[in-house]
Amino acid sequence: MTRIDARFAALRAEGRKAFVAYVMAGDPDFESSLEILKGLPGAGVDVIELGLPFTDPMADGPVIQLAGQRALAAGQTLKKTLALVQAFREDEDEAPIVLMGYYNPIMNHGVEPFLRDAKAAGVDGLIIVDLPPEEDDELCIPAQEAGLNFIRLATPTTDERRLPKVMQNTSGFVYYVSITGITGAANAVAGEVGPEVDRIKAVTDLPVVVGFGIKTPDAGREIARIADGAVVGSAIVDLVGKGRPPAEVLDFIRKLADGAHSA
Amino acid sequence: MSSELINSFKTGPDENGRFGTFGGRFVSETLMPLILDLETEYEKTKTDQSFWDEMDHLWTHYVGRPSPLYFAERLTDRLGGAKIYMKRDELNHTGAHKINNVLGQIILARRMGKSRIIAETGAGQHGVATATVCAKFGLKCVVYMGAHDVERQKPNVFRMKLLGAEVVPVTSGRGTLKDAMNDALRDWVTYVRDTFYCIGTVAGPHPYPAMVRDFQSIIGKEARSQMNEAEGRLPDTVIAAIGGGSNAMGLFHPFLDDRSVRIIGVEAGGKGVDDRMEHCASLTGGRPGVLHGNRTYLLQDGDGQILEGFSISAGLDYPGIGPEHSWLHETGRAEYVSVTDQEALKAFQLSCETEGIIPALEPSHALAHVAKIAPGLPSDHVICMNMCGRGDKDIFTVAKALDWNMTEFD
């Protein structure tokens with residue numbers, strides 16, 4: 001059982017919804033990023049998604065693109081991101097961390113060394129946007145064997161025929177992408193997302209969290225009502241991009257967490 | 001399976017879209033169902049005679065195919081060695097080979113009921129070809145073009161606008177072809193249901209590399225039979241320039257199983273292929289990685305971050321290369337070399353002076369390599385190079401590089 005499995009089991013036992021926060025590793029620099037990361041559990045974040053900076057984030061909108069560029073300009077690398085996780089784990093052993101990003105930096109590092117290093121650093125799961133089930137042999141299967149969850153994205157275009165394939169080899173939780181589009185773009189509409197979440201729950205026992213297009217505490221609450229949790233990314237990262245200090249970013253995250261938890 | 005087929009270089013890709021370990025379908029889940037639909041539709045279409053009849057009709061009456069195979073006599077004399085032929089794809093409607101592929105994809109898009117076409121473009125040739133065919137069929141067309149390329153290829157931007165396309169300048173990254181492709185993919189993921197992404201080169205997720213190659217192979221098929229007519233035999237060497245590699249793949253593919261034919265791809269060496277990484281030579285100066293839906297050779301740093309290529313030619317300014325080229329490189333069936341901006345500029349002038357043909361900067365790279373090897377080859381050695389585009393779009397860039405003041409005629 002990974003920290004992710006344990007966390008969702010605990011939430012289910014308490015009858016609470018999950019709040020998932022996305023931040024970019026090394027944004028705006030290593031130290032500030034670590035300060036934010038360390039503050040997330042205290043701010044009410046149940047699962048942490050830590051973005052891996054990449055030069056060509058094809059599924060991301062301008063806010064996350066710029067965050068990646070800031071991190072890279074400040075010298076962030078995959079190795080430093082694992083060091084960031086390791087530093088976080090020094091005094092936090094329960095909050096799950098999921099690395100979210102693109103395959104090339106991992107392939108460049110080498111899949112086996114990456115899985116070994118990630119596990120040792122305290123990473124619990126992976127969301128790799130450009131690895132659909134068709135490419136499961138690349139990283140998904142080796143990651144599961146190494147004891148990491150491989151979390152899949154399901155989308156509005158994932159039809160009935162395809163859904164079982166998407167659910168196969170996935171673990172931890174399912175991330176439902178609420179819109180066709182890039183991160184931080186359109187607003188998620190609870191009325192449309194609800195039936196989609198039900199559709200996924202019909203074929204899996206895994207928790208289903210919803211992300212993309214959730215920007216406010218109210219929106220988070222609406223979405224958390226019809227799913228097992230809500231993810232907020234761009235709205236948080238945007239504050240970091242505006243140069244707000246870590247304490248202010250964490251205040252905003254606390255409001256978002258309270259919103260989702262009030263569902 | 002016959003032993004001939006086992007030894008064939010023409011059987012790829014496999015059912016997973018792989019050429020050896022290259023290629024594949026590295027895209028987000030939102031796009032995956034679309035990619036699979038496209039694959040199904042293309043598999044159906046490519047054996048449908050009515051599709052190829054429509055293509056042939058348009059290739060003949062709209063594009064002006066077949067393009068001539070031209071014996072470059074004065075160039076041959078000047079270089080004093082091998083006999084040089086040019087496959088004149090620069091004479092196509094819209095001035096380059098790009099339209100061969102665009103026609104195929106747009107006809108396919110129409111069959112799939114898509115009403116909106118998007119494309120990425122570097123030099124603007126693919127954008128112009130896409131805008132042209134969309135105008136012909138009355139389809140909405142949106143072209144993503146790096147802001148830096150918009151600046152250095154203004155005539156093509158104006159052409160696209162005249163043809164009714166919306167040109168979106170891309171400012172992310174350094175504003176070149178790679179960034180335009182990122183934004184085109186972001187558009188596609190957003191308007192996935194009614195939009196067809198018309199990719200301009202033999203890259204991207206499966207089935208694009210195979211599909212674009214199949215459409216561009218008309219170049220090599222024609223060259224093969226035209227060479228037979230002119231020389232009574234196959235060429236000894238075929239040469240083409242490579243950015244993503246579609247004109248090269250189109251010329252090479254029909255010759256892959258002719259072991260006597262030497263195949264050479266010419267990458268853009270920019271300021272020189274060295275540690276400064278100011279070039280676009282993915283095969284000679286990069287290593288395998290995953291970008292834009294496929295595994296292939298890429299320019300990248302030690303952390304796996306993609307580097308911006310550099311070339312005087314906007315059409316070659318891309319840090320990757322089609323996956324089939326990566327495979328041909330690793331199997332050794334094709335050789336890949338690079339030439340610098342300066343060498344390409346010299347070849348550009350050489351073509352103008354000796355043949356009265358103003359070439360695009362892209363095929364100027366292929367010509368530069370021809371100029372390197374031809375003098376050392378015997379006079380009965382036959383070279384076929386792909387003159388894949390004309391240079392009208394490049395005269396401002398070349399004038400600047402040669403310190404020619406274009407305003408003095410104002």
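User: What do the numbering and the cut-offs rest on?
Analyst: Residues are numbered from 1 along each chain as its sequence is written, and chains are lettered from A in the order in which they are written. In this predicted model local features need pLDDT of at least 70, side-chain atom pairs count only at pLDDT 80 or more, totals for chains, interfaces and linings use all residues, and side-chain values use heavy atoms, with hydrogens and water left out.

User: What makes Arg295(B) and Glu138(A) a salt bridge?
Analyst: The term requires a side-chain nitrogen of Lys or Arg within 4 Å of a carboxyl oxygen of Asp or Glu. Here the N to O distance is 2.3 Å, so the pair qualifies. Across the interface of chain A and chain B the rule finds five salt bridges.

User: How is the area between chain A and chain B defined, and what is its value?
Analyst: Buried area is the accessible area (1.4 Å probe) that two parts lose on being put together, summed over both. For chain A and chain B that comes to about 2900 Å², with 49% of it on carbon and sulfur atoms.

User: Why are β2 and β12 of chain B called paired?
Analyst: Pairing needs at least two bridges found by DSSP. Two bridges join β2 (residues 22-26) to β12 (residues 293-298) of chain B, so the two strands pair. They run antiparallel, and Gly23(B) stands opposite Arg295(B).

Note on methods: Helix = DSSP H or I, 4+ residues; strand = E, 2+ residues; numbered from the N terminus.
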